[in-house]
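Dear colleague,

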Amino acid sequence: MKALFTFINFQSLKELKMDQTTLINKDVSIVAYYFKNANHRLRCFPKRMEYDGRRVNFTETGLVHPTKKGQRTIHVFDMTDGNADYRLEFDAQNLTWKLICISDTHYAAHITPVFAS
Amino acid sequence: MPRISLPSLLVNTERPQILHIDLNSCFATVEQQARPLLRGRPVGVTNRLTKNACVVAASYEAKALGVKVGMTFSEARVLAPDLIMIETDPPKYHYVYKKLIKIMRSYSPNIGMKSIDEGVIDFNGTRTNVNQQPLVVIGHEIKQRLRDEVGPWMKCNIGIAPNRFLAKTAASLHKPDGLDVITHKNLRQTLSSLQLTDLTGIAERNQARLNAAGIYTPLQFLDAPADVLVRKVFRSVCGEDWYKRLRGYEVDDLEHSIKTVGRQFVLDEQQPTEESLQARLSYMCETTALKLRYNNLAAYGVRVYIRYKSGDYWYERKMFKTPVFSGSDVYRRAILLFNRRPHYDYAREMGISCYGLTPSNQNQVSLLEEANRQIWLTEAMDTINGQYGEFTITYASSLPSRGLIKQKIPFGSTRYFELLCNRA
């Protein structure tokens, strides 16, 4: 009986880890940017990131939205390099970039995602 | 007393001036927009990643597999084993919400948000000089602007009709990414393709009422005389509203005042201790008081409820002599009621609400020094929390719940959305 309960708990834990997101929360370097004319405003997006001794080239920008931490404005960039989704935060006051989390493609690997470009 | 028969109305033949916008599976679509790897995959959005938490929004891929909003995570996983569940991220939705409002305001000053993902533009009075294009063209333009300004994955349904109800019905005809118009010319044809429960506001109970009067289809509902709807079906003024609503006359252009302010929480522990329950209650009281102050209100009445694991429900409420608006005062009153609860089972869900609302006299200096101190302390806390993020300073009693009870996306109302998104 005990073994059965252990099995169920293990199953439920496995289920809850469907979204394979790894929290990083570390400062990173954005070494290349690209610019886009959006709504009559030139906007800047990260293009290449150096993190943990490797370079990540972003291929698509998902959503860029502002959020607040107290009175500080943080710009959240959801980026992808085609293999994983990255959540970056730009602190507009301290001018620092922080990698918040990485979500990988282990989930539902047999389904092909649809990219905009 | 003789009965006065209600006048019969013809279908409204005016040109449609109401445009209803409905973002398709809003939260799931926004998540798919933000994370390109989720696109084309079944995605469910939930308020908390636990087995019992329900699906708040499902992507169209998930819906195609049978996942419905309101299902628990476990149920949804049975239908869609590849379902990817993610937690809600309010700032993202707030951003899209603000973008949508901005787009809508560029067409007419008379707009209204029905919920986070639904809005109505009233074009009445704006067609002569500004919006001279046909509404269908404007509808396609709105769709394109949403894609340009938010992202290419964003889709919305648009419905155009003479009143809000029919515009919403039109917006739900062809999902996703549809655009439909209901006028007096195609009203009967449109209604003939629908079930009674497809109409907004007609669920099981209203359907049963209509069925009892021999009304089984929307067309029969449309043809039913006003007298039958008022006196036999709804037995209230609702019958007259439905009579007008179905014929394209506006009855839903109403603003409702706030009657209650509250907070509820599905407990994170299977067997919560007395201390953890009190900590959760304290935290909820604090957030409820924050909502009261956000609306410049104070409350005379407090109501506390608990839903037990067995499914039993208990509540207690009381009106007090003086109104309150600070977290500690709400907690003091709530704990008084909370301690009267029966202890025969573990609690699964608990909630608090304040009623008997009145405009706050927070700015009024009291003759009693003690009352003034309470006001100044609350003001000082609000200022510090406004500067450095919510719950930078909080009551010690709520501290164990900090980080556990997260502010979640409210269904329907967008009343506290700004407050929710100002939180760190």
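**Helix packing, cores and backbone features**

In chain B, helix 12 meets helix 13: Glu274(B), Leu277(B), Gln278(B), Leu281(B), Ser282(B), Cys285(B), Glu286(B), Ala289(B), Leu292(B) and Arg293(B) of the former are in contact with Gly327(B), Val330(B), Tyr331(B), Ala334(B), Ile335(B) and Phe338(B) of the latter. By class, this contact of helix 12 with helix 13 of chain B comprises 10 nonpolar, three polar and three charged residues. Please note that the model is predicted.

The axes of helix 12 (residues 274–294) and helix 13 (residues 327–338) of chain B are 8 Å apart, at an angle of about 135 degrees. Helix 12 of chain B is therefore oblique to helix 13 of chain B, and the crossing is right-handed.

The largest nonpolar core contains 39 residues, and Leu19(B), Ile21(B), Leu23(B), Phe27(B), Ile121(B), Ile142(B) and Leu146(B) have the most contacts inside it. The element that gives the most to this core is helix 4 (residues 90–105) of chain B, with eight residues. Another core, apart from this one, has 28 residues, including Ala289(B), Leu297(B), Val302(B) and Phe320(B).

Turning to the backbone, the peptide bond between Lys175(B) and Pro176(B) is cis, with omega about -10 degrees. Pro176(B) belongs to the loop between helix 6 (164–171) and strand 8 (179–181) of chain B.

Arg235(B), which is not a glycine, has a positive phi of about 55 degrees. This residue, Arg235(B), sits in the loop between helix 10 (226–233) and helix 11 (237–246) of chain B and is exposed, with a relative accessible area of 67%.

With kind regards

Conventions:
Residues numbered from 1 in each chain as written. Chains lettered and ligands numbered in written order. Predicted model: local features only at pLDDT ≥ 70, side-chain atom pairs only at ≥ 80, totals over all residues. Heavy atoms only, no water. Axes fitted to C-alpha atoms, helices over the stretch in contact; angles between N-to-C directions. Helix = DSSP H or I, 4+ residues; strand = E, 2+ residues; numbered from the N terminus. Parallel < 35°, antiparallel > 145°, perpendicular 65-115°, else oblique. Left-handed = near helix turned anticlockwise from the far one by under 90°. Contact = heavy atoms within 4.5 Å. Nonpolar A, V, L, I, M, F, W, Y, C, P; charged D, E, K, R; others polar. Core = buried A, V, L, I, M, F, W, Y, C linked by side-chain atoms within 4.5 Å. Buried < 20%, exposed > 50% of the residue type's maximum accessible area, 1.4 Å probe, protein only.
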